[in-house]
Amino acid sequence: MIVNFALSFIFASLALASPLTSSNPLGLGGQFDVFARNVAISSGCSTTGTASCHNTSAVSNTCCFEAPGGLILQTQFWDTDPSTGPSNSWTIHGLWPDNCDGSFSENCDPSRDQSAITSLLESAGATSTLSFMQTYWKNDPDDGSDEELWSHEWDTHGTCYSTLEPSCLPSGSPSGTDAVAFYETVVRLFQTLPTYTWLANQGITPSSSTTHTLTSLENALAVEAGVTPMLTCDGSNLNEIAWYFNLKGSIIDGTFVPIDSPVDSDCPSSGIKYPLKTGSPVSTTSVSSTTTTTTTTGTPTSTGTPGPLPTRAMIVAIHNGAQVGGLLTLGTWSTQTLATMTLAGSTSSFTMTSSKGSCGVSGGELTCGSGVSATSFTAISSGGSLLVASGGSTAFSSSAVPSGETVETVFTGSSEAQTYTLAIVST
């Protein structure tokens with residue numbers, strides 16, 4: 001059967017080694033190109049053709065068209081017994097290629113199995129990907145080590161992708177390049193799916209007492225993501241989610257097309273618990289960077305030196321310990337496509353310019369545009385990040401948290417109801 005789903009809008013394409021951009025960097029609702037990578041691996045495939053599962057006849061070149069496993073699931077865990085991963089983030093389960101008819105294959109090529117994943121990624125130079133996996137791709141300790149889960153996911157599911165067949169890789173690719181490309185893509189796709197943040201944006205956070213209906217959970221995620229995922233429960237406890245995609249091009253650097261889940265959620269209709277996790281909270285991962293830092297909802301603690309001021313960057317908002325959008329070209333707070341700002345100067349004094357013009361503060365309000373007098377900002381190192389400071393303060397605030405197409409005016413200081421900091425993320 002050919003699976004057909006309507007898409008609400010299309011994400012902008014990405015270019016290799018260029019900043020990640022989309023119509024909503026914290027949302028789905030369309031397509032997402034996984035091009036910005038820790039290791040530059042190119043398939044050479046076009047991403048303008050038919051999406052997987054939408055072909056009406058057989059495709060001869062399955063190096064550039066995922067088949068038969070063109071229905072792709074990005075699965076995430078919410079483990080609480082025992083708790084694994086950060087307390088304010090779901091963790092990676094895997095990326096599975098189901099067939100377009102409800103069936104699937106597993107363990108497709110044992111000759112390509114991998115066991116020493118850490119060594120493989122280090123040898124390939126994929127150290128940022130490895131670091132991210134060590135925080136966000138966690139195994140139940142009763143089931144084995146994290147590395148065993150990583151190995152299992154590649155051996156069981158990764159070897160079944162037609163576009164990752166060794167014959168499809170660039171000529172001269174070292175052994176294991178297929179697995180490296182798989183892990184890179186899993187991480188990049190996961191970074192576009194901040195399930196915890198999306199639920200929190202809709203007022204749904206872990207609790208020891210609150211219960212939810214299945215409809216309320218699905219609707220909350222659909223508002224944020226533009227598509228409805230599949231939820232799985234262990235009894236009444238929410239513990240797993242699956243985001244569904246079709247694919248244009250190769251798993252290596254193709255365009256993922258989000259779709260509604262073709263199967264029903266496996267949770268009761270009501271009385272669903274979203275239990276608390278232990279563990280340290282971290283900042284929600286941005287699609288623009290694989291670097292993660294550990295923060296609390298109070299004062300950040302340093303986890304490293306952020307480095308010098310970049311010349312081009314996105315300004316992301318950290319609200320209640322999680323990333324929630326950032327600045328648009330007019331200097332407003334939004335969860336839509338973040339602006340790429342040009343920064344001139346040093347961490348002790350710099351100006352910021354968007355495509356609309358200079359950015360400045362007047363009457364306590366931040367704006368960017370033609371005729372705006374540029375303000376000199378400073379960049380303060382905190383929590384392993386560079387935070388924008390105005391008048392020596394890193395505090396910014398708005399009357400509400402943005403969602404969807406709603407944008408909020410940014411004020412310096414903490415006078416408004418919602419306070420946050422603005423972090424500089426190099427592009």
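So, Cys-53: it is buried, with a relative accessible area of 1%. By buried I mean under 20% relative accessible area, with exposed over 50% and partly exposed in between, using a 1.4 Å probe on protein chains only. Cys-53 also has a positive phi of about 75 degrees, although it is not a glycine. You'll find Cys-53 in the loop between S1 and S2. Those labels are DSSP runs, numbered from the N terminus: helices are H or I with at least four residues, strands are E with at least two.

Before I go on, this is a predicted model, with residues numbered from 1 along each chain as its sequence is written. Local features need pLDDT of at least 70 and side-chain atom pairs count only at pLDDT 80 or more, while totals for chains, interfaces and linings use all residues, and side-chain values use heavy atoms, leaving out hydrogens and water.

How confident is the predictor? pLDDT is its confidence in each residue, from 0 to 100. The protein chain averages a pLDDT of 84, and 84% of the residues score at least 70. Over residues 1-37, though, the pLDDT is below 50, and that stretch has 122 contacts in the model beyond near neighbours in sequence. Residues 284-305 are also below 50, with 59 contacts beyond near neighbours in sequence. A contact here means heavy atoms within 4.5 Å. Where pLDDT is low, the predicted coordinates should not be read in detail.

Asn-107 lies in the loop between S3 and H1, and at 44% relative accessibility it counts as partly exposed. Then there are cis peptide bonds. One runs from Ala-67 to Pro-68, with omega near 0 degrees, and Pro-68 is in the loop between strand S1 (32-33) and strand S2 (71-77). Another joins Asp-81 and Pro-82, omega about 0 degrees, and Pro-82 is in the loop between S2 and S3.

Now, helix H3, residues 146-156. Eight of its 11 residues are buried, so H3 is largely enclosed by the rest of the structure. Among the buried ones are Asp-146, Leu-149, Trp-150 and Trp-154. What do the buried residues of H3 pack against? Strand S3 (91-98), helix H1 (117-124), helix H2 (127-136) and helix H4 (177-190).

That takes us to the nonpolar cores. A nonpolar core is a set of buried Ala, Val, Leu, Ile, Met, Phe, Trp, Tyr and Cys residues joined through side-chain atoms within 4.5 Å. The largest has 55 residues, and those with the most contacts inside it are Trp-137, Phe-182, Tyr-183, Leu-238 and Trp-243. H4 supplies the largest share of this core, nine residues. Apart from it lies another core, of 24 residues, including Cys-359, Leu-366, Tyr-420 and Leu-422.

Take Tyr-183 as one to click on. Leaving aside residues up to four places away in sequence, Tyr-183 touches Ile-117, Leu-121, Thr-129, Met-133, Trp-137, Trp-150, Ser-151 and Trp-154.

Next, charges. Side chains of opposite charge can pair when their charged atoms come close. A salt bridge here is a side-chain nitrogen of Lys or Arg within 4 Å of a carboxyl oxygen of Asp or Glu. How many turn up in the whole structure? Four. One of them brings together Asp-109 and Arg-112, at 3.7 Å, N to O. Glu-165 forms one with Arg-112 as well, the closest N and O atoms being 3.9 Å apart. This second pair links distant parts of the chain: Glu-165 is in the loop between H3 and H4, Arg-112 in the loop between S3 and H1, 53 residues apart. Arg-112 is buried, at 8% relative accessible area, whereas Glu-165 is partly exposed, at 31%. Asp-109, Arg-112, Glu-165 and Asp-178 are linked in a network of salt bridges. And Asp-146 from H3 comes back here: it pairs with Lys-138, closest N and O atoms 2.7 Å apart. Asp-146 has a relative accessible area of 18%, which puts it in the buried class.

Last stop, a hairpin. Strand S5, residues 230-234, has four of its five residues buried, so S5 is largely enclosed by the rest of the structure. S5 pairs with strand S6 (residues 237-248) in the antiparallel sense, over five bridges; two strands pair if DSSP finds at least two bridges between them. Asp-234 has Asn-237 in S6 as its bridge partner. Two residues sit between the strands, and in this hairpin Gly-235 takes a positive phi near 70 degrees.

Methods. pLDDT = per-residue confidence, 0-100.
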